[in-house]
Amino acid sequence: MTDTKGGYMARDWTRQPPALTPRYKTSLTRSPRLAKISLPSTLSEETGPVFDQNMLGPLDNDLITNFAAPGEMALGPRIIVHGHVLDETGRGVPNALIEVWQANAGGRYRHKNEGYLAPLDPHFGGCGRVMTDEQGHYSFRTVKPGPYPWPNGVNDWRPAHIHFSVFGQSFAQRLITQMYFEGDPLIWRCPIVAAIPDRDATERLIAPLDMQHTIPMDAQAYRFDIVLRGRRASYFENRPEGM
Amino acid sequence: MSKLFESASQTAGPYVHIGCVPNFCGISDVYPNDLGERMVTDAAPGERISITGAVFDGTGAPLKDVLVEIWQANSDGHYGNDASGFTGWGRQAGHGETGTWQFDTIKPGPVAHASGHLMAPHITFWIVARGINIGLHTRMYFPEDAAAHADDPVLARIEDKSRIATLLASRADDGMYHFNIHLQGPQETVFFDV
């Protein structure tokens with residue numbers, strides 16, 4: 001083979017949430033009971049959809065204005081979220097599509113199934129998207145979401161969080177995760193956060209306040225780096241017949 | 001070479017639609033259309049097919065808040081940007097009342113495998129929802145390709161041969177392929193650790 005890329009590195013399951021995490025109640029009936037079949041990546045996983053920067057609208061990465069009426073802005077603490085998308089070998093991932101969604105500053109989602117009594121913000125939709133540049137860097141502007149009560153335990157509250165959906169260069173790298181905010185006391189009480197078995201892996205989902213990129217008299221910045229799976233370098237790879 | 005660790009996955013939650021299919025959940029005017037809504041162009045060669053199904057939990061109830069993505073080769077068995085405009089990638093949300101979804105696409109050709117064998121025509125599925133902590137990978141194969149299945153290097157990895165049936169779509173009188181996914185229980189679908 002002339003390809004110098006090997007298959008994807010095996011996922012480290014000590015740092016990923018298992019399917020069954022009973023404190024997060026919905027996982028009980030939505031988790032497979034049988035073992036997954038291990039599948040060394042094939043072309044079907046080593047490829048994936050490719051998106052074009054030209055697909056993005058000028059306000060797609062600005063949740064403060066992309067749903068607001070002309071001249072209006074969303075209510076709440078103004079923030080910039082930025083960081084790099086890297087793979088496990090430390091390389092920046094260019095042209096990675098990131099889609100984000102979140103509640104408004106009061107913890108209310110714009111969704112018909114949502115019944116929380118905190119009001120909708122007429123100028124906040126809650127979705128945004130951005131693609132990384134050649135170095136793998138991204139940034140978007142939004143308002144800091146509020147914490148949000150949910151019917152799991154009788155008094156469970158989600159920490160403030162932003163959902164991230166990330167497309168790297170292949171379907172094997174497809175990732176959905178959540179970003180939390182430095183110092184939030186709800187993080188360590190949350191059963192969804194606690195689904196992650198490893199303390200360090202959890203801490204990497206907590207974005208620190210980034211004063212260096214905070215814009216005076218305008219918006220605070222938070223820094224959130226995302227790591228996607230990496231491929232093995234493999235100059236000579238012959239998989240045995242039948243594998 | 002430095003080694004970083006893949007970011008931990010978290011559930012997509014019940015409001016995944018806001019970010020991934022905003023028009024589907026009534027947030028219009030932000031994006032012109034939902035990404036992945038349309039996979040196939042009039043110019044795309046190959047047999048037009050439709051696939052429908054639902055994802056079921058361990059009690060047998062359909063997931064009404066599921067989000068399903070598929071990735072597939074074109075009719076020649078090639079992945080990626082196709083000159084005809086066929087994208088190979090689709091994304092659909094389960095119907096809010098029934099949980100059913102539908103993809104209108106083309107039948108993929110067989111794809112090369114590193115072993116030198118061809119993989120039988122298949123479509124890769126990725127499933128996220130509330131209650132699913134990390135996206136689930138599975139594959140759909142076509143019922144008419146039984147001979148190719150016998151030689152498929154991925155199906156060969158499934159030791160309990162009776163479970164292969166969970167990856168086979170059926171073709172109904174309506175002409176559509178039907179592919180139901182069972183997260184848990186006696187009909188549990190095979191999921192892959194890729």
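In strand β13 of chain B, B:Asp193 is the bridge partner of A:Ser38. The two strands involved, β2(A) and β13(B) (residues 192-193), pair in the parallel sense over two bridges. Strands (E, at least two residues) and helices (H or I, at least four) are DSSP runs, numbered from the N terminus, and two strands pair if DSSP finds at least two bridges between them. This is a predicted model, in which local features need pLDDT of at least 70 and side-chain atom pairs count only at pLDDT 80 or more, while totals for chains, interfaces and linings use all residues. Residues are numbered from 1 along each chain as its sequence is written, chains are lettered from A and ligands numbered from 1 in the order in which they are written, and side-chain values use heavy atoms, with hydrogens and water left out.

**The interface of chains A and B**

- In contact (heavy atoms within 4.5 Å) are 87 residues of chain A and 73 residues of chain B.
- The buried area is about 7300 Å², and carbon and sulfur atoms give 58% of it; this is the accessible area (1.4 Å probe) that two parts lose on being put together, summed over both.
- A:Arg30, A:Ile37 and A:Phe171 supply 12% of the area that chain A buries against chain B, more than any other three residues.

- The rule finds six salt bridges across the interface of chain A and chain B, a salt bridge being a side-chain nitrogen of Lys or Arg within 4 Å of a carboxyl oxygen of Asp or Glu.
- A salt bridge joins the side chains of A:Arg30 and B:Asp65, at 2.9 Å from N to O.

**What chain A brings to the interface**

- Elements that give two or more residues to the side of chain A that touches chain B include β2 (37-38), α1 (43-46) and β3 (78-87) of chain A.
- β10(A) gives the largest share of that side, five residues.

**Sheets within each chain**

- Chain A has an open sheet of five strands in the order β5-β4-β9-β10-β11, with mixed pairing.
- Its edge strands are β5 and β11 (206-207) of chain A, each of which pairs on one side only.
- β10(A) and β11(A) run parallel and are joined by two bridges; A:Tyr180 stands opposite A:Ile206 in β11(A).
- Chain B has an open sheet of four strands in the order β5-β1-β11-β10, also with mixed pairing.
- In chain B, β5 (101-106) and β10 (170-171) each have a single partner strand, so one side of each is left without a neighbour in the sheet.
- Strand β1 (residues 48-53) of chain B runs antiparallel to β5(B), and six bridges join them; B:Ser50 has B:Asp104 as its bridge partner in β5(B).
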